[in-house]
Amino acid sequence: MENWRTKIVNSDEEHIWFCGYDIRSLMKTAGFVETIFLLHRGRLPEMGERKLLDAILVASADHGPGAPSCATARLAASGNRQSVSAAVAAGLLAIGDPHGGVGVGCMELIAAGVQIARNENVSLGQAAMRAVEDAISHAKRLPGFGHCKHTKDPRVEVLFKMAEEQKIAGDGVAFVRALEAAIRERIKPLPINVDGALGAVLYDLGFPPIAGILIFIVGRVAGLTAEVAEEYLWEKPMRIRIPVQYQGTPPRSME
Ligand SMILES: CC(C)(COP(=O)(O)OP(=O)(O)OC[C@H]1O[C@@H](n2cnc3c(N)ncnc32)[C@H](O)[C@@H]1OP(=O)(O)O)[C@@H](O)C(=O)NCCC(=O)NCCS
């Protein structure tokens with residue numbers, strides 16, 4: 001069997017190194033957020049980068065038991081009292097498009113829009129309008145916009161303001177704001193949601209599009225573990241009864 005390749009972790013009998021840093025030094029002098037950045041990017045973050053990643057993780061951590069990932073984790077915990085890992089994993093399996101994974105599509109949209117603006121010498125606003133027209137003509141929803149509950153997502157402006165203060169906001173934040181304006185003009189006012197905001201900021205932090213879901217997952221695991229613990233410690237097994245209305249064929253005979 002050929003050696004697996006990695007640039008992330010190495011170890012010998014007495015050491016563990018994360019991207020070259022001794023784990024003992026990281027444990028004593030770096031924090032968890034710095035370590036997440038290091039594992040994904042191969043270098044430690046600057047102060048502003050650390051603050052932004054930290055804020056993204058807090059923003060992703062939980063949105064209450066009704067969020068699809070949290071509800072799925074609780075349902076699994078309600079029916080299987082022998083495996084907390086199954087319940088947390090079940091919650092993770094509910095993350096994707098459109099819940100928690102839309103940052104990927106948003107980052108791809110930003111990358112494509114920025115490239116069009118550069119290659120064709122048009123403004124980000126014009127490139128954003130083109131993306132919105134394209135979504136309309138293909139009857140597609142724009143990733144990172146709209147919310148089932150919030151008319152204004154409270155996490156978005158905090159992330160954007162921090163990105164501006166830390167001088168990290170760039171094409172990502174600008175393009176998502178331009179998309180918001182184009183959507184308002186061509187569809188209806190739709191709020192930027194947390195996935196759109198984290199996609200914009202992760203783009204400006206230099207992360208690849210796949211981070212749009214992976215970083216959300218890192219943050220949401222914190223909430224899922226708490227939701228599962230609460231279900232185990234506070235609630236009875238099988239307490240979740242989903243109201244169902246049968247609308248199929250009435251009882252009938254096989255004879
Ligand atoms: C989050 C979401 C599922 C909410 O859906 P919803 O509750 O049906 O949204 P609303 O009732 O506010 O609006 C529905 C209408 O608004 C429009 N709309 C809503 N979100 C839209 C989007 N992202 N892009 C384009 N149009 C959108 C559509 O015209 C839709 O009409 P339709 O059902 O005929 O297609 C939806 O906005 C969406 O799919 N967003 C994209 C995915 C996303 O960003 N997910 C992350 C959520 S945190």
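The structure is a predicted model, in which local features need pLDDT of at least 70 and side-chain atom pairs count only at pLDDT 80 or more, whereas totals for chains, interfaces and linings use all residues. Residues are numbered from 1 along each chain as its sequence is written.

The protein has eleven helices and three strands; helices (H or I, at least four residues) and strands (E, at least two) are DSSP runs, numbered from the N terminus. From the N terminus on, the order of the elements is β-β-β-α-α-α-α-α-α-α-α-α-α-α. Along the principal axes, the C-alpha atoms of the protein fill a box of roughly 70 × 60 × 40 Å. Of the 255 residues, 35% are buried. A residue is buried if 20 or more other C-beta atoms lie within 10 Å of its own, exposed if 12 or fewer, and partly exposed in between, with C-beta atoms placed from the backbone. Two residues are in contact if their C-beta atoms, placed from the backbone, lie within 7 Å. Among contacts between residues at least 6 apart in sequence, 70% join residues at least 24 apart.

Two packed helices are described by the angle between their axes and the distance between the axes. Axes are lines fitted to C-alpha atoms, for helices over the stretch in contact, and angles run from 0 to 180 degrees between N-to-C directions. Angles under 35 degrees count as roughly parallel, over 145 as roughly antiparallel, 65 to 115 as roughly perpendicular and the rest as oblique.

Helix α3 (residues 47-60) packs with helix α8 (residues 154-165) at an angle of about 175°, the axes being 10 Å apart. The two helices, α3 and α8, are therefore roughly antiparallel to each other. Lys51, Leu52, Ala55, Ile56 and Ala59 of α3 make the contact with Arg155, Val158, Leu159, Met162 and Ala163 of α8. By class, this contact of α3 with α8 has eight nonpolar, no polar and two charged residues; Ala, Val, Leu, Ile, Met, Phe, Trp, Tyr, Cys and Pro count as nonpolar, Asp, Glu, Lys and Arg as charged, and the others, Gly among them, as polar.

Ala59, which lies in helix α3, is buried, with 22 other C-beta atoms within 10 Å. Leaving aside neighbours within four places in sequence, Ala59 is in contact with Arg155, Leu159, Val194 and Leu198.

The axes of helix α10 (residues 194-204) and helix α11 (residues 211-234) come within 10 Å and cross at roughly 110°. Helices α10 and α11 are therefore roughly perpendicular to each other. Their contact is made by Leu198, Gly199 and Leu202 of α10 and Ala211, Gly212, Ile215 and Phe216 of α11.

The ligand is surrounded by 15 residues, of which the closest are Pro98, Arg141, Leu142, Gly146 and Asn193; a residue is near a molecule if its C-beta atom, placed from the backbone, lies within 6 Å of it. By class, the shell around the ligand has nine nonpolar, four polar and two charged residues. Pro98 is placed in the loop between α5 (84-93) and α6 (102-120), and a cis peptide bond with an omega of about 25° joins Asp97 and Pro98.

Most residues other than glycine have a negative phi, and most peptide bonds are trans. Asn121, although not a glycine, has a positive phi of about 55°. Asn121 is placed in the loop between α6 and α7 (124-137) and is exposed, with 8 other C-beta atoms within 10 Å.
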